[in-house]
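I opened my notebook and went through this one piece by piece. Here is what I looked up, in the order I got to it.

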Amino acid sequence: MDFWKVGFLCLLLASSVLAIGAVELGRHQPTERISGSAGDVLEDDPVGRLKVFVYELPSKYNKKILQKDPRCLTHMFAAEIFMHRFLLSSPVRTLNPEEADWFYTPVYTTCDLTPNGLPLPFKSPRMMRSAIQLISSNWPYWNRTEGADHFFVTPHDFGACFHYQEEKAIERGILPLLQRATLVQTFGQRNHVCLKEGSITIPPYAPPQKMHAHLIPEKTPRSIFVYFRGLFYDVGNDPEGGYYARGARAAVWENFKDNPLFDISTEHPTTYYEDMQRAVFCLCPLGWAPWSPRLVEAVIFGCIPVIIADDIVLPFADAIPWEDIGVYVDEKDVPQLDTILTSIPPEVILRKQRLLANPSMKQAMLFPQPAQPGDAFHQVLNGLARKLPHDRSVFLKPGEKVLNWTAGPVGDLKPW
Ligand SMILES: *[C@@H]1O[C@H](CO)[C@@H](O)[C@H](O)[C@H]1NC(C)=O
Ligand SMILES: *[C@@H]1O[C@H](CO)[C@@H](O)[C@H](O)[C@H]1NC(C)=O
C-alpha cells in the first residue's frame, strides 16, 4: 500500500479512535458487542455459584517470600499474590472446608527473584511439593481426590513446568503432584506438554493504576501504524539466536527496522503507554513464553493486538472473542507482516476497535485493588464455577492412590 493511503487510513481510524482504559471512562465510546460471548459471559456473577476454601499455610510459602522481595507485587507474575488476597476477602470464600467446592493453596512460586528482578523458578517444584505434603497430612481433603477439587495459581512462563526455557520446561513437564488439580496460569499453547487440559488461562498482571495514570484524551489520532517495544534478541540467554521467540522477534526486526510504518525499537520510552494509544496495531509476539503483558496493554489501550505465537491459547478464550478483536499472524509469516496488516480493510479495523472498546473486555484483563465486578479475579471464579459440579469419579475410594509421589526429576524430590 502507498504511504499516502496509509496516512489516510490512519486519519480515518483516528476519527473513531478508542483510547480508553478505565472502565468508567468507557461509557461514551462507540462500542459493539458480540452476543453470546464478551459481555454476556464476562458479566456473570460468580457469587453464590461456588465456595472456595483457602488453606492456611505457614507464611514461608507466601508472605515471607514477598517480604524478602516486594518487587513481586508489580511484576507480570503478581497475579498469584493478588489472587490470594482477593480470595481471603471474597464472598465465595468459606471457612468450612466441608462445604467447599474448591480448595486453594496459596504458594508464591514466582517470588524468588534474581538481583535483576526475574524469578528463579527452579525451587518452585520443591516448594509446591512441600505445600502439598503439608495440606495432605493436615487436612483430609487432598487425599479424597488427590487434588482434583483443588486449584493452584501458577503464573510462570510455562506454568507448572517451572522453567523459562521451553525445552527445559518440556523436559520437566507439569509437576506430577498437580496432575489432577486445576491450574490457573498465564501459559496457554494448544497440544503443549505444559498445558494441562482444563486449565484456566489468565492474563498476566499489568498494573491498573499505572496504566490508568497514562490515559490520553480519547480522540487522540492513532498516527502510528505498527508499534512494538521490547527485545528482538536475548543475547545473554540465547547467544546463537533463533531460540529466543523461536526467531519471530528477530524476523520482525530484520524485515521492518527501516520500514516507516513500523515504530519498533528495544528502547522502552516513558511514553510507552501513551504511544500504544496512538497506534493502530500493537505487536504481541512470543518471547520466552508465548504470552506477554503487551496483550493486556493492547486491550486496555484499544490498540489492535497482533498475535504472533502459534497455537497460543489466550486468556479467558471461552469468554473473549479474540479472533474478532485481534489479528493472528503465523510465526512463519512474519516477513509478510507489512502486507498482511495493510491489506486489512478499514471497516474491519474499525470494527475491531469498536469491539476493543467494550469495557467488560478491559475489565476482564485486570487484577485491580480492590477487586471490581467482572475483573480477572471474577473471570477465574466464573471459570471454576463452570466446572462444577465435580464428576463423582474424582473422589477416590478410601486408601486409593493415583499420583506417584516419587516421579519427576530427582532434584525436585529434595525437601524444600
Ligand atoms: C493422606 O495420605 C498420605 C499417604 O499417602 C498419609 O501419609 C496422610 O496421613 C494422609 N492424610 C490424612 C489426613 O489422612
Ligand atoms: C513412580 O515414579 C518412579 C520414577 O519415575 C518410578 O520409578 C516408579 O515405578 C513409579 N511408581 C509407580 C507406582 O508407578
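This is a predicted model: local features need pLDDT of at least 70, side-chain atom pairs count only at pLDDT 80 or more; totals for chains, interfaces and linings use all residues.

**Entry 1: strand S9**

I began with S9, residues 304-308. How many of its residues are buried? I found 5 of the 5, so S9 is largely enclosed by the rest of the structure. Then I checked the two faces separately. Ile 304, Val 306 and Ile 308 sit on one side, Pro 305 and Ile 307 on the other, and all are buried.

**Entry 2: the neighbours of S9**

Next I asked which strands pair with S9. Strand S8 (residues 279-285) runs parallel to S9, with 5 bridges joining them. I picked out one bridge: Cys 282 is partnered with Pro 305 of S9. Getting from S8 to S9, the chain passes through H10, and this β-α-β crossover is right-handed.

S9 also pairs with strand S10 (residues 327-328), again in the parallel sense, over 2 bridges. Here Val 306 has Val 327 of S10 as its bridge partner.

**Entry 3: two domains**

I then zoomed out. The domain assignment gives domain 1 as 3-30 + 207-364 and domain 2 as 52-205 + 370-413. How far apart are their C-alpha centres? I noted 30 Å. The contact between them takes 20 residues from domain 1 and 22 residues from domain 2.

On the domain 1 side, helix H10 (294-300) and helix H14 (359-364) each supply at least two residues. H14 gives the largest share, 3 residues. I sorted that side by class as well, and got 16 nonpolar, 3 polar and 1 charged residues.

**Entry 4: helix H3**

Which residues of H3 (residues 79-88) are buried? My list reads Ala 79, Glu 80, Ile 81, Met 83, Phe 86 and Leu 87. I wanted to know what covers them. The cover includes strand S1 (52-54), strand S2 (102-104) and strand S3 (150-153), along with helix H2 (63-68) and helix H15 (376-386).

**Entry 5: the record**

Last, I looked up the annotation. An unreviewed UniProt entry places "domain: Exostosin GT47" at residues 49-344. I checked that span in the model: its end C-alpha atoms lie 42 Å apart, and it is 27% helix and 14% strand.

Terms used:
Residues are numbered from 1 along each chain as its sequence is written. Chains are lettered from A and ligands numbered from 1 in the order in which they are written. UniProt positions are given in the numbering used here, feature names are shortened, and annotations may be inferred rather than shown by experiment. Helices (H or I, at least four residues) and strands (E, at least two) are DSSP runs, numbered from the N terminus. A residue is buried if 20 or more other C-beta atoms lie within 10 Å of its own, exposed if 12 or fewer, and partly exposed in between; C-beta atoms are placed from the backbone. Two residues are in contact if their C-beta atoms, placed from the backbone, lie within 7 Å. Domain bounds come from an automatic or database domain assignment. Ala, Val, Leu, Ile, Met, Phe, Trp, Tyr, Cys and Pro count as nonpolar, Asp, Glu, Lys and Arg as charged, and the others, Gly among them, as polar. Two strands pair if DSSP finds at least two bridges between them. A crossover is right-handed if, with the strands pointing away from the viewer, the path from the first strand over the helix to the second runs clockwise.
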